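Hello,

Here is the structure I promised to pass on. Please look through it first; my notes follow below.

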Amino acid sequence: MIPLAYPIALSALLFTIRIVGVMIRRNAIMMFMCVELMLNAANIAFIAFARSLGQMDGQVFVFFVITVAAAEVAVGLSLLVAIFRTRGSIEVDDLHDLRR
Amino acid sequence: MARKHSGEMVALMNLEALVFIFVGGVALAAAIAMVVTRNMVHSALFMVVVFLATAVLYLVYQAPLIAMLQITVYAGGIMVLFLFVIMLIGAEKMTHTENLRWQRPLAFGLMAALLVETIYIAIGQIKPPDPVAVGPEFGGPKAVGPVLFSQYLLPFELTSILLLVAMIGAVVLTIRREKTR
């Protein structure tokens, strides 16, 4: 079996790339996609630990994470559509009403 | 006989390692491309590549059920939703606005710090438990089902409420109300 450190490191690398994506992109959909993939990166660690410990619980947790991600996408994207309808833009820099 | 068996084990392990390296490399490359590209549709398609690569990785770690769920829910459902909204809004091309100049260097600095920290913990701090041998049943529906429906029954039922709330929320948020005075 592959040593446990490798999947954990891969998971960490993927997670970090997505954090950078959230920080350097100003487009709300792009940021949202990056957040989704952060969950995905965490799932890799769950699966690797489940196999390493020989227990099902990690896989069951991934099941729940996938469900929550799906619900999150549905609500998040409809929020973005609503924002686009009222403001005509989904660049987060354009949404600065509270600063006035 | 024993030597032949251990030889097979080593070959299997090498194959596993090869698949892991290849798939992990594809996932990393696609993730970087996804963040770097300026076209949102390309970005979404790179995301599909990441999802598929991750599904193969799940197969390496004996989670066939989760791998199939990943492909159907993420690559099937969520991606269609993303592409649909991107095209509905017409935001394929990202405009380049940079109001905060110091933000990008700061992002890369924080990335380096986080990376060093997590890799250090992954390599140095985690004491890997002795690998447990598992049967071919591990990770199949037959193994996941009993755990999901007995030990995790309450979270499972709560998930259904969550999905219902998400469904109602999506409908309420996107419904176009007639202007009433």
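**Helix packing between the chains**

Axes here are lines fitted to C-alpha atoms, for helices over the stretch in contact, and angles run from 0 to 180 degrees between N-to-C directions. Helices (H or I, at least four residues) and strands (E, at least two) are DSSP runs, numbered from the N terminus.

Before you go further: this is a predicted model, in which local features need pLDDT of at least 70, side-chain atom pairs count only at pLDDT 80 or more, and totals for chains, interfaces and linings use all residues. Residues are numbered from 1 along each chain as its sequence is written, while chains are lettered from A and ligands numbered from 1 in the order in which they are written.

Which residues bring α2(A) and α3(B) together? From α2(A) come A:I29, A:M33, A:E36 and A:I47. They meet B:I66, B:I78, B:F82, B:V85 and B:I86 in α3(B). Contact means C-beta atoms, placed from the backbone, within 7 Å. By class, this contact has eight nonpolar, no polar and one charged residues. Ala, Val, Leu, Ile, Met, Phe, Trp, Tyr, Cys and Pro count as nonpolar, Asp, Glu, Lys and Arg as charged, and the others, Gly among them, as polar.

α3(B) also packs on α3(A), at an angle of about 5 degrees with axes 11 Å apart. This pair is therefore roughly parallel. Contributors include A:F63, A:V73 and A:F84 of α3(A), and B:L69, B:V73 and B:L81 of α3(B). The classes are 17 nonpolar, three polar and no charged residues.

**The interface**

72 residues of chain B are in contact with 60 residues of chain A. α1, α2, α3, α4 (103-125), α5 (141-151) and α6 of chain B each give two or more residues to the side that touches chain A. α3(B) provides the largest share, 12 residues. This side of chain B divides into 55 nonpolar, 15 polar and two charged residues.

B:A31 touches A:L14, A:I17, A:L37 and B:V50, leaving out residues up to four places away in sequence.

**Chain B itself**

Chain B has six helices and zero strands. Of its 181 residues, 22% are buried (20 or more other C-beta atoms within 10 Å of a residue's own; exposed if 12 or fewer, partly exposed in between; C-beta atoms placed from the backbone).

One residue to check is B:Q62, in the loop between α2 and α3 of chain B. Its phi is near 55 degrees, a positive value in a residue other than glycine. B:Q62 counts as buried, with 22 C-beta neighbours inside 10 Å.

Best wishes

Note on methods:
Two residues are in contact if their C-beta atoms, placed from the backbone, lie within 7 Å. Angles under 35 degrees count as roughly parallel, over 145 as roughly antiparallel, 65 to 115 as roughly perpendicular and the rest as oblique.
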